[in-house]
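Please look over the following points with the structure open beside you. They begin at the contact between the chains and then turn to one residue and its surroundings.

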Amino acid sequence: AFSAGSRLLRGYRGSHVVIRFALGGCTNRPFYRIVAANSKRARDGKYLEQLGCLDPLPNAYGEKVAGLNLERLRYWLGCGAQLSRPAEKLLGLAGFLPLHPMTVTGAERLRRRRQREQQPEAAPADGSAEPGTAP
Amino acid sequence: SGAAGPAMLPALRRCRPGPVPLPALAAALGPGPFPGLCPGWSPRAVPARGRKTRHDPPAKSKAGRVKLPPPVDPEELLVVLERYRQHRLVLSALRAEFRAEVLQKKREERLAAEVSVEELEEHRRLMAWNDEENARQRARREERLKKEEEEQKRRKSEIAEKQARKMEAFLEEKEKEVLQLQEEAKNFITPENLEARIEECLDNPRNYNFAIDKDGRIVKRTVLS
């Protein structure tokens, strides 16, 4: 059936194709390649196919740039590839897959934390202003 | 990406109300998103190794250390579990879609490589003809089955009727027998009638000195006369 994957999978036991991030770049300068590889391979080792890249550091305009090969992504997902969690989150944010639940949950938590930080600032500010103005 | 799911259920179990053993710690945690929640603290957490191997003993400064798991808000947990469930549903549907696409492409490639256009056309035509034949046969089969069902029902009802009639006849027979017996019972000899009947028999002697032929008639004339 799926010849490229199965010929390379020979030699490993209990492994599967995984779409994940392979780290490259230099010190203090990471760079991820979105890669379809055997799950038992090293993170930066031999892969089946590169499906895109991600630059985690924001560029001059404050954007984090990523590139995706959606056609081949569909092929590998149809062949039964698993996704790593950051890969799922990235694809959710890109719109190819539905948003990951933890993305939404993290955003909610952040919002709540910011509200809580603002309220103590507002409350002491009001408290310090009222005794000054009221009596 | 599915590891969070089974790990969350023990987290939910951990969210039990219980006394806070170290109030200082609770105060230090602050009024977080889980106010009023005192999880049952069990000293278990995910270990992480730095310089020491698993065979090195822990340091003396860590003697009284109580390692606590991160606190979990049960409402948020339920919400998150529901979101995960829906997310996985959508993902599996998408995977099925992509798989169908891949298989379709493979099939088309194989056909295009092996088989020419006319053969494809003929294959499609024959498949259509086959479908029509199947439909026709199905219609005929359904008619036949309907007729057989009706036949079965009719036979069953006939049998039931016959049974009912037999039952009625039988009951009538039994009724007649009972009435006949009741009639004959009037002539029985009972202990009360015994004396009277004996007197009656003795008063009316009967002569049974006769012969009968094979048909049951009394013989008036013998052979030697």
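1. The side chains of E71(A) and K105(B) form a salt bridge, with 3.6 Å from N to O, where a salt bridge is a side-chain nitrogen of Lys or Arg within 4 Å of a carboxyl oxygen of Asp or Glu. By this rule, five salt bridges are found across the interface of chain B and chain A. Please bear in mind that this is a predicted model, in which local features need pLDDT of at least 70 and side-chain atom pairs count only at pLDDT 80 or more, whereas totals for chains, interfaces and linings use all residues. Residues are numbered from 1 along each chain as its sequence is written, chains are lettered from A and ligands numbered from 1 in the order in which they are written, and side-chain values use heavy atoms, with hydrogens and water left out.

2. Nine residue pairs are in polar contact between chain B and chain A, both residues being at pLDDT 80 or more; a polar contact is a pair of N or O atoms within 3.5 Å, and within protein one must be able to donate a hydrogen and the other to accept it, while residues adjacent in sequence count only if both atoms are side-chain atoms. On the side of chain B that touches chain A, helix α3 (residues 74-114) of chain B gives the most, with 15 residues; helices are DSSP runs of H or I with at least four residues, strands are runs of E with at least two, and both are numbered from the N terminus.

3. The contact, defined by heavy atoms within 4.5 Å, takes 25 residues from chain A and 20 residues from chain B. About 2100 Å² is buried between the two chains, 56% of it from carbon and sulfur atoms; this buried area is the accessible area (1.4 Å probe) that two parts lose on being put together, summed over both.

4. Within chain A, R20(A) lies in strand β1 (residues 17-26). The residue is buried yet has no salt bridge, and the nearest side chain of opposite charge, D44(A), is 7.8 Å away; buried means under 20% relative accessible area (1.4 Å probe, protein chains only), and for charge Lys and Arg count as positive and Asp and Glu as negative, with His and the chain ends not counted.

5. What lies 3.2 Å from a polar atom of the side chain of R20(A)? It is the backbone oxygen of A42(A), and the backbone oxygen of N38(A) lies 3.4 Å from a polar atom of that side chain.

Key
Buried < 20%, exposed > 50% of the residue type's maximum accessible area, 1.4 Å probe, protein only.
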